[in-house]
Structures are given as C-alpha cells and as structure tokens.
Amino acid sequence: MTIESFKREIAAAVKAYDQYVICIHKTPDEFEASLTSLMAKAIAAYENRGEGLRHGIALDKQITIILSQGDEAKPLCGIYFNLHTPYQKNALPKTVKPFIEKSEKAEG
C-alpha cells in the first residue's frame, strides 16, 4: 500500500479544500503536502496497528486521515477537515474554579 493507492481520495480533498475551506495556516500547496505526509503516517499506523485494531489515524490541527479495515483489500479512507480556530479562547480564566453543585460535594 502506498500514498498513490489513495490518489483519488487526496485529489477529492484538495478540490474541496480549494473550493470551500478558508484557512489562514495552509496554502493549497501546503495543504496537499500535508495530505501526502499525513497519508504516509496513516498508512504506517494502519500497517503496524495492533491485533484486533481496525484503524490507522494521522492528524494535525486542520486535517484528520483515517484508514479503516473493510471488506476489500484496500482500506476505507476518510479525510476530514478539523474545525479549529487559533482565535478560540478558554471560556474561564485559569484562576476561576468550576462550580460544583452542593449535592455533588455531598456525594464525593
């Protein structure tokens, strides 16, 4: 199994990225290079997975690739765009402790 085995899936992801995804971290060329790198990692994870495991996964902040064992010799391939923003902030400052209900305190 090689990266070329998933050429069709990579081409579809690149087309979707170019048409629909606005990303300030990767140009379309950088995205395609990331796909190639992540696909190699997903293949390695899939081929070296433990007994009884069905998936090989590789990801970065923007992309997740999952190879899943199926009925065919070639695994199923899912390429997902991660919803991520570098501008998201934590809702609470680190100095604020989460509120715990009194009933939870009594049980714990």
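**Entry 1: the whole chain**

I began by looking up the secondary structure, which comes to three helices and three strands for the chain, where helices (H or I, at least four residues) and strands (E, at least two) are DSSP runs numbered from the N terminus. I noted that the model is a predicted one, in which local features need pLDDT of at least 70 and side-chain atom pairs count only at pLDDT 80 or more, while totals for chains, interfaces and linings use all residues. I also wrote down that residues are numbered from 1 along each chain as its sequence is written, and that side-chain values use heavy atoms, with hydrogens and water left out.

Reading from the N terminus, I found the elements in the order α-α-β-β-β-α. Of the 108 residues of the chain, 24% count as buried, and here buried means under 20% relative accessible area, exposed over 50%, and partly exposed in between (1.4 Å probe, protein chains only).

**Entry 2: the sheet**

I then followed the three strands, which form an open sheet in the order β1-β2-β3 with antiparallel pairing; two strands pair if DSSP finds at least two bridges between them. Because β1 and β3 (76–81) stand at the edges with a single partner strand each, one side of each is left without a neighbour in the sheet. The twist from one strand to the next averages 15°.

Looking at one pair, I saw that β1 and β2 (residues 63–68) are joined in the antiparallel sense over five bridges, and that His-55 stands opposite Ser-68 in β2.

**Entry 3: helix α2**

I checked the length of helix α2 (residues 28–47), whose 20 residues should span 28 Å at 1.5 Å a residue, and its end C-alpha atoms are 28 Å apart, which agrees; the expected span is 1.5 Å times one less than the number of residues. I found that α2 lies across β1, β2 and β3 and runs at about 35° to β2, with axes being lines fitted to C-alpha atoms, for helices over the stretch in contact, and angles running from 0 to 180 degrees between N-to-C directions.

The buried residues of α2 are Phe-31, Ser-34, Leu-35, Leu-38, Met-39, Ala-42, Ile-43 and Tyr-46. An α-helix has 3.6 residues a turn, so residues three or four places apart point the same way.

**Entry 4: Ile-57**

Last, I picked out Ile-57, which lies in strand β1 (residues 55–59) and counts as partly exposed because its relative accessibility is 46%. Leaving aside neighbours within four places in sequence, Ile-57 is in contact (heavy atoms within 4.5 Å) with Ala-42, Ala-45, Thr-64, Ile-65 and Ile-66.
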